[in-house]
Amino acid sequence: MSQSFVPLEVRTSTPDRFNGRLRSRILDELSLVEVSATGHQVLRTPSLIASSDRLYFKLNLQLSGTGILVQDQREAMLRPGDLAVYDTHRPYTLAMEDDFRTLVLMFPHDVLDLPADEVAQLTAVRLAGDEGLGRVISPFMVQLAENLDYLTGTSGHRLARNAIDLVATMFEGELDARRRTDTGGHPELLGRIRRYIEANLGNPDLSPAEIAAAHYVSTRHLHNIFAASGTTVASWIRTRRLEHCRRDLRDPVLADRPVGSIASRWGFVDAAHFSRIFRSTFGEPPSSYRRQPA
C-alpha cells in the first residue's frame, strides 16, 4: 500500500485471514489503483506525513462494500458508486469493515485548476454517485476500473487527464453550491474571478486592471480578495500558466509541438523568461522535463 500510494499504516483485526490485491496504472504523475481486500484500516499519521514532501489528493470511488473516511473532523460513509476526496498531507483514516473493492485516483495538488484550500472544504464529504454530476462522473470512473489494463500509452494518459478534469468539474460544482450560501460575497466573487483567469490564460496581456474591470471592482479590492486567500493575482496567474505548460509538455499528443509554442499558448511570450521560471519552479528546464518518461 505504501509503495502504491504514500507511506501508510495498515491494520487488520483478522491477520490470519487477511488477503488483498492491488492493480495499478501509473500515468506520469497520476496513479490509478484498484484495491480489493478483506476488512482493514488505513491510517495516514502525522509522523508519516512529516517524511513526505509532495502534496497529493486521493479520490476514492467505492465499487463494492462500504467504507468510512475520516479527515478534518468530518466523516463520510461510502457506498458503491460514491466518491470522496482526501488530502495525503493531513491525517486521515479509511476503514473497511468487510470485503470491498475501490478505485483510488491519486494526483498532485497542482494538477487541479482549483486552490487546495478550497478543495479542503470537500475532504471526507460523501459525493453521491447517483445525484447531480456524480451520475456522470461515477460511471466514467467505474469504466476506468473495469478497463484498467487498457489504460496505457497516449490513450491511457489522456483518459486519466480527462478523469482529473471531470473530478475538478465535480468539485467546482460542490464549491459553487457552498458559495451561494455564503453571505460574505468574497468566496463567490473569488471563484468567478479564478474562472475568468483560467479562461483567459492564453492572453499575454491579462492584467489585474483588466480582471478588476471585468468584475466591476477596483484593482485594490481585487488585490485584497487574493491576499485574503493567501496569494496574489500575479502569482495565481503564473502558477496556473505554469501548470498548463507542465501538463502539455508531458502530453504525448503534443510531443511534436515546440516548447516555445506551448509556452506561447499559455501566455508566455518570452521563451527565455519562461525557461527560467519553469526551472525555478520545477527544478529543471522545460526541455529536460519533457524528455523524462511519463
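How many bridges pair strand S6 (residues 67-71) with S7 in the antiparallel sense? The two strands pair over five bridges. Here two strands count as paired if DSSP finds at least two bridges between them. Strands (E, at least two residues) and helices (H or I, at least four) are DSSP runs, numbered from the N terminus. Within this pair, Ile 68 stands opposite Met 77 in S7.

The model is predicted: local features need pLDDT of at least 70, side-chain atom pairs count only at pLDDT 80 or more, and totals for chains, interfaces and linings use all residues. Numbering starts from 1 along each chain as its sequence is written, and side-chain values use heavy atoms, with hydrogens and water left out.

Back to the sheet that holds S6 and S7. It is open, with five strands in the order S1-S4-S9-S6-S7 and antiparallel pairing. Strand S1 (9-11) and strand S7 (74-78) are the edge strands, and each pairs on one side only. Neighbouring strands are turned by 15° against each other on average, direction ignored. For such angles, axes are lines fitted to C-alpha atoms, for helices over the stretch in contact, and values run from 0 to 180 degrees between N-to-C directions.

Another open sheet has five strands in the order S2-S3-S10-S5-S8, again with antiparallel pairing. Strand S2 (20-27) and strand S8 (83-87) stand at its edges with a single partner strand each, so one side of each has no neighbour in the sheet. S2 pairs with strand S3 (residues 30-37) over eight bridges, in the antiparallel sense. Ser 24 has Val 33 in S3 as its bridge partner.

A search of the whole structure finds one cavity of 30 Å³ or more. On a 1 Å grid over the protein atoms alone, a cavity is a set of points where a 1.4 Å probe fits but cannot get out; a pocket is an open set with protein on both sides within 12 Å along at least five of seven lines; lining residues have an atom within 4 Å of a point. The largest cavity holds about 110 Å³. Volume means the space filled by probe spheres set on the points, with grid points joined across faces, edges and corners. Of its 15 lining residues, Met 1, Val 35, Val 42, Leu 94 and Val 104 are closest to the centre. Strands S4 (40-44), S5 (56-64), S9 (92-96) and S10 (100-108) each give two or more residues to this lining. By class, the lining has eleven nonpolar, three polar and one charged residues. Ala, Val, Leu, Ile, Met, Phe, Trp, Tyr, Cys and Pro count as nonpolar, Asp, Glu, Lys and Arg as charged, and the others, Gly among them, as polar.

Now the open space. The largest pocket holds about 300 Å³. It is lined by 21 residues, and Leu 112, Asp 113, Leu 114, Ala 168 and Glu 198 lie nearest its centre. Seven lining residues are nonpolar, three polar and eleven charged. Helices H4 (153-180), H5 (186-199) and H8 (233-249) each supply at least two residues. H4 gives the most, with six. Domain 1 (9-181) and domain 2 (186-291) each contribute at least three residues to the pocket lining; these bounds come from an automatic or database domain assignment.
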